[in-house]
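The sequence and the coordinates are shown first.

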Amino acid sequence: MKSIVHIITDLNIGGAERALYTLVTSGLEEKFTSSVISLRSDGHYGPLLREFGIPVTSLNINSFSSLMLALPRLKDEIVNRKPDIIQGWMYHANLFALLGSLFMPKYSKVIWNIRLSLEDIKRRKITTRFVVKLGAIFSKQVCAIIYNSNRSLAQHKSYGYICTNQLMIPNGFDVARWIPDNESTKAIRLKYGINADQKIIGFVGRGDDQKDIPNLCSAFSLVQQAVPGVTMLCIGPNVYDYRPRNIPLYGVIFTGAQKDIEKLMPGFDILCLSSRSEGFPNVLGEAMSCAVPCVTTNVGDASEIVGDTGWVVDPADNFALAAALIAALQMDLTEMKVMGNKARERVIQEYGIHNIVSRYVEFYSKIYGVY
């Protein structure tokens, strides 16, 4: 059986990390053996991967000196595992995947996985922009690049990413895990003290400029004027730190990071994504799989994911975002349920995890000439 070493920047809670975990634990192991190298920490998913029998090595890189110490460990891991394929996940890890292949006396196929679109590349840290540019320079050296959105693929080609094999494989979702659950509605209201007659807008994501939390909060302040008794539940690490200081935030609950998102998300009435930039936002597919309609900005492949089961508005437009949220919240319960069920059916048909795993297996097999 052919082997794959996946190299990822970190294993904390995040979209790429969750996508990697879902991929390697949902059938890929039946065709390819997998191991994971995290450039930073074990994070949230390291222990979960080990429980599933996936070897995980964390290099704990957080400074230049730790980088120098980590390089011999990276070499040892690659040489000992003798992977047929080395796959990077995200920009920094992609470069380490290419570096790791140099340690192999036998050539390993290097595949990159890019999971971000470039709408706000100019707003990114100078170090991030530098790594993205390095990726463009070295992209012709890799065997293939997998993107998780069509928009990201087109943007990176324009940015100078040159590779013979470039394709899009979307994220997949375990529709047996992300399910509608009436009990979640009761539990989430009890847990956070939300009345039964209050509607809940959910936000799930990390604190980051990319997520445009100020736009989200500004839109919510407008929603409150039109829809009395609405609550916004913001779930994710450091979201509170990105709140706007000039807007009074009533009816907003910041929970921090939560490990049981699949138990909380079905309790939302609406999920809102307010980002300025995304690739393929997992939270949309997860909410839709839970039969929760979505309001999203038009970033990455968000509009393609949602289709006609939600609302899509321009990014960085708080008035448009508020108007879409108001329209969603003013639906009656029957309309909301019909739209939610339609959203779940779309995820089952288009983004079920077993279909996505099959696409990865087919592509890996084609790249390595194994059928």
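In this predicted model, strands β8 and β9 run parallel and are joined by six bridges. Within this pairing, Ile 200 stands opposite Thr 231 of β9. Six of the six residues of β9 are buried, so the strand is largely enclosed by the rest of the structure. Val 230, Met 232 and Cys 234 point to one side of β9, while Thr 231, Leu 233 and Ile 235 point to the other, and all of them are buried.

Both strands belong to an open sheet of six strands, ordered β10-β9-β8-β11-β12-β13 and paired in parallel. The edges are formed by β10 (252-256) and β13 (311-313); each has a single partner strand, so one side of each is left without a neighbour in the sheet. From one strand to the next, the twist averages 20°. Elsewhere in the sheet, β11 (residues 270-273) and β12 (residues 294-297) run parallel and are connected by three bridges, with Leu 273 opposite Thr 296 in β12.

Helix α8 (residues 213-226) packs on this sheet and touches β8 (199-204), β9 (230-235), β10 and β11. The direction of α8 makes about 165° with that of β9. Helix α8 also packs against helix α12 (residues 318-329), and a further helix pair is formed by α4 and α5. The geometry of the two pairs is given below.

| Helix pair | Axis separation | Angle | Handedness of crossing |
|---|---|---|---|
| α8 and α12 | 8 Å | about 45° | right-handed |
| α4 and α5 | within 9 Å | roughly 40° | left-handed |

The angle of about 45° between α8 and α12 makes α8 oblique to α12. On the α8 side, the contact is made by Asn 215, Leu 216, Ser 218, Ala 219, Leu 222, Val 223 and Ala 226. The α12 side contributes Asn 318, Phe 319, Leu 321, Ala 322, Leu 325, Ile 326 and Leu 329.

The loop between β13 and α12 contains Pro 315. This residue counts as partly exposed because its relative accessibility is 31%. Apart from neighbours within four places in sequence, Pro 315 is in contact with Ser 275, Arg 276, Thr 297, Asn 298 and Val 299. Pro 315 and Asp 212 are 103 residues apart along the chain, and their C-alpha atoms are separated by 8.8 Å.

The axes of α4 and α5 cross at roughly 40°, which makes α4 oblique to α5. Here Tyr 91, His 92, Leu 95 and Leu 98 of α4 meet Val 131, Val 132, Leu 134, Gly 135 and Phe 138 of α5.

The largest nonpolar core has 33 residues, of which Ile 7, Tyr 91, Trp 112, Ile 145 and Tyr 161 touch the most other members. Two or more residues of this core come from each of β1 (3-8), α3 (64-81), α4 (91-101), β5 (109-114), α5 (126-138) and β6 (144-147). Helix α4 gives the largest share, six residues. Beyond residues up to four places away in sequence, Ile 7 touches Ile 37, Leu 39, Leu 74, Ile 86, Gln 87, Gly 88, Trp 89, Ala 93, Phe 96 and Ala 97. A second, separate core comprises 31 residues, including Leu 11, Leu 23, Leu 28 and Ile 356.

Notes: Residues numbered from 1 in each chain as written. Predicted model: local features only at pLDDT ≥ 70, side-chain atom pairs only at ≥ 80, totals over all residues. Heavy atoms only, no water. Core = buried A, V, L, I, M, F, W, Y, C linked by side-chain atoms within 4.5 Å. Buried < 20%, exposed > 50% of the residue type's maximum accessible area, 1.4 Å probe, protein only. Helix = DSSP H or I, 4+ residues; strand = E, 2+ residues; numbered from the N terminus. Contact = heavy atoms within 4.5 Å. Pairing = 2+ DSSP bridges. Axes fitted to C-alpha atoms, helices over the stretch in contact; angles between N-to-C directions. Parallel < 35°, antiparallel > 145°, perpendicular 65-115°, else oblique. Left-handed = near helix turned anticlockwise from the far one by under 90°.
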